[in-house]
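Here is a short tour for anyone who has the model open on screen.

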Amino acid sequence: MNFYKKLSPFFNLALFYFIVSFILRIVLFFHPITQSSFTILESLKIFSLGLVSDFFVFVVASVFLWLYLIFISNSKYNKPSGYIILGIFLSLFIYVASGKSIFDEYGGALPRIVLIFIGIKIALFALLLFLPKLRDKIRYWLFAFVIFFYVLLILQNGLSEYFFWNEFGVKYNFIAVNYLIYTNEVIGNIMQSYPVIPIFSALFIVTGIFTYFILKRSRSYIDNIPSLGEKVKISLVYLCLFAVSLIAIPTLTKTENSKNVFVNELQANGLYKFYLAFQNSDLDYFKFYKTLPNEEVFALLKQQFPTISGQDTKRTITADSLENRKNVVLITIESYSADFMKMYGNEQNITPFLDSLAQKSLLFTNLYAAGNRTVRGLEAVTLCLPPTAGESVVKRKDNKNKFSTGAIFKQKGYNVKYMYGGDAFFDNMQDFYSGNGYQIVDKSRFSPEEITFSNVWGVCDEDMYNKAIKVMNAEAKENKPFFNHIMTVSNHRPFTYPNNKIDIPGDIKSRDGGVKYTDYSLRKFFEMASKQPWFKNTVFVIVADHCASSAGKTELPLDKYRIPAFIYTPDAKPVKYNQLMSQIDIMPTLFGLLNFSYESKFFGQDVLKPDYKPRAFIATYQDLGLIKDNVLTILSPKQQVKQFELKIDTKPGIAPEFQIDYNEIPMKMERTDLVNETISFYQAASDMLKKKKYQN
């Protein structure tokens, strides 16, 4: 068996991948959206360096093919080794099926996926073990399936890259990653936009044809399985190439440095660009969204912040009274929609404590979440800036030493902590908060006796609040005010919590139960807190991180962004504030209540000031919205702008300030002033982050 035949599956699939990639570059090179001409040197760079990049990416992507091929053998089916291996597989299956495996700690679909995978492995291994006469035939069809799968992935990726280029004029970026997150919307869009059945029928036929020829050229591997020594040589060659590829791939991306963006994009490998999108979570506002000259943007922003000068939001906030350095506890509640509460029309009485506490607080009745994920809510209350395109700042590489609420409290001499009942490494919270001067109190700081119940997300809210009380009691003895930001976890799928706490058992796993237990835990927290000496000198800020669901009939359904928020101060008179406002305004408003004077860069504003102009920001990863003057303006990639007139859909029995349902009616005449104002907010925020002007 010569060296080529030993590596024939790799050679043939690699050759096929290079041909598909070359044809794809040719097609994109001459695509109408590629509005550029290229010099001979640029063309050579695109195709030569592109081919080299494709080679190294294929080496990395074929790791599963390598693993599959080196484990093909006949010896493992001999007695007794075959029975021992089958027994190990069966033991693994029982372990995972028990519901107490390590995979169950991660929750979701992972345990089921692992169980199905092991089940298939058992079935196939048993067939090959007990049917030795059919072993060659079964192995051949398994080998054919693996080749078919790789060919299908190569062709599918080529099609996807083409359609993505056809839409955006670039290789994969964060929008492609976003497509995986919003699967329903994307599949619906594809079904409506393209002739899916003919395309996929053709795709499978073409895949079958190429699989036949590649299989024919690669069958020698399966007919003459390499010996152990030959597999070791194959593995050494592959692992050396794999190691070189890990260095070469990022090195080659540094050569994508042409002033002509199309040269860089055509040279790039789409799969690696997709990986980078996952890593960087970045969507360049200036490349994909409608823009204005920066001078005009900040001139418009000056209408919102009259005291700013230059191209940033730096200004001085001056209080007219003595500072009141009370302790502050900020509680962001997981997945807590406004319509869970009685005042917004809920009739199930699942939030009795928060319903009563809201009536004793400064209640913000018309407040909107910035986004639809926890990291967006955390970004909003911590950085107080609009939700910029792409991933939240919390999850970006450049997420440290930002101008934050924690920074203001530290300037005032506060102890500053972020408390989370789960693992703060999740969603990059550890990196973000520690990088912005917060001390972290998460599950790792709990002793075993402090944990009475936990699930995949962390300890139950009661355990978190018990821990918080202990921490705050210790802080109170330091004679320094404290600011503690607590993030809850219990109101999250799978909605498990301790039994015998509320009238909905925790093992039922219901959303209503999660909400009601969250409310119950908050009541227990306030009962404990009210008995502490620091309670009356503490302000409690309660706000949801986002709604329970973001799905709606429109890109940005308003009712899916409306969240409850209020500020409770013991012995203070209750006040109801009904003006439109954003999640990013909560903490600047609190600073106003505490009479803080400080240098600010916040886009969020003190809504109780007479010069505040009501507006709210709501967004997905790519649709950036501004609500103002009963108009929703949305900026989208490809420089698209949409505007909707907002008509309230009144529900009987609910007070006007708590109505949350709106009909979004497309506007025939553009409100250019609102379009420009929307651009000014989002472009300014993107510009300041990009140029590192939002640092502390």
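Five strands build an open, antiparallel sheet in the order S15-S16-S17-S18-S19. Strand S15 (616-619) and strand S19 (662-666) are at the edges with a single partner strand each, so one side of each has no neighbour in the sheet. From one strand to the next, the twist averages 30 degrees. Please keep in mind that this is a predicted model.

S16 and S17 run antiparallel and are joined by five bridges. One detail to look for is Lys628, whose bridge partner in S17 is Val631. In the loop between strand S16 (624-628) and strand S17 (631-636) you will find Asn630, which is not a glycine and yet has a positive phi of about 60 degrees.

A helix accompanies these strands. Helix H23 (residues 672-690) lies across S15, S16, S17 and strand S18 (640-648), and runs at about 125 degrees to S16.

Next come the nonpolar cores. The largest of them has 125 residues, and Leu354, Phe364, Phe409, Phe526 and Phe603 have the most contacts inside it. H23 supplies the largest share of this core, with eight residues. There is also a second, separate core of 38 residues, including Ile70, Ile249, Leu252 and Tyr272.

Phe364 deserves a look of its own. Apart from neighbours within four places in sequence, Phe364 is in contact with Tyr344, Ala565, Phe566, Ile567, Tyr577, Met581, Ile586, Thr589 and Val607. Two of these names, Ile586 and Thr589, return among the buried residues of H22, together with Met587, Pro588, Leu590 and Phe591. Helix H22 (residues 586-593) is largely enclosed by the rest of the structure, because six of its eight residues are buried. Just after H22, Asn595 takes a positive phi of about 60 degrees.

Now to a helix pair. Helix H20 (residues 461-476) packs against helix H21 (residues 511-529) at an angle of about 20 degrees, and their axes are 9 Å apart. At that angle, under the 35 degrees cut-off, H20 counts as roughly parallel to H21. The crossing of the two helices H20 and H21 is right-handed. On the H20 side the contact is made by Asp461, Glu462, Tyr465, Asn466, Ile469 and Met472, while H21 contributes residues including Tyr517, Tyr520, Leu522, Phe525 and Met528.

Finally, the backbone has some features to check by eye. Most residues other than glycine have a negative phi, and most peptide bonds are trans.

| Residue | Phi |
|---|---|
| Cys384 | near 55 degrees |
| Asn595 | about 60 degrees |
| Asn630 | about 60 degrees |

Cys384 is found in the loop between helix H17 (374-383) and helix H18 (405-411). Is Cys384 buried or exposed? With a relative accessible area of 0%, Cys384 is buried, as the cut-off for that is under 20%.

Which peptide bond is cis? The bond from Lys79 to Pro80 is, and its omega is near 0 degrees. Pro80 lies in the loop between helix H4 (63-70) and helix H5 (81-97).

How values were computed:
Residues are numbered from 1 along each chain as its sequence is written. This is a predicted model: local features need pLDDT of at least 70, side-chain atom pairs count only at pLDDT 80 or more; totals for chains, interfaces and linings use all residues. Side-chain values use heavy atoms; hydrogens and water are left out. Buried means under 20% relative accessible area, exposed over 50%, partly exposed in between (1.4 Å probe, protein chains only). Helices (H or I, at least four residues) and strands (E, at least two) are DSSP runs, numbered from the N terminus. Two strands pair if DSSP finds at least two bridges between them. Axes are lines fitted to C-alpha atoms, for helices over the stretch in contact, and angles run from 0 to 180 degrees between N-to-C directions. Contact means heavy atoms within 4.5 Å. A nonpolar core is a set of buried Ala, Val, Leu, Ile, Met, Phe, Trp, Tyr and Cys residues joined through side-chain atoms within 4.5 Å. Angles under 35 degrees count as roughly parallel, over 145 as roughly antiparallel, 65 to 115 as roughly perpendicular and the rest as oblique. A crossing is left-handed if the near helix is turned anticlockwise from the far one by less than a right angle, and right-handed if clockwise.
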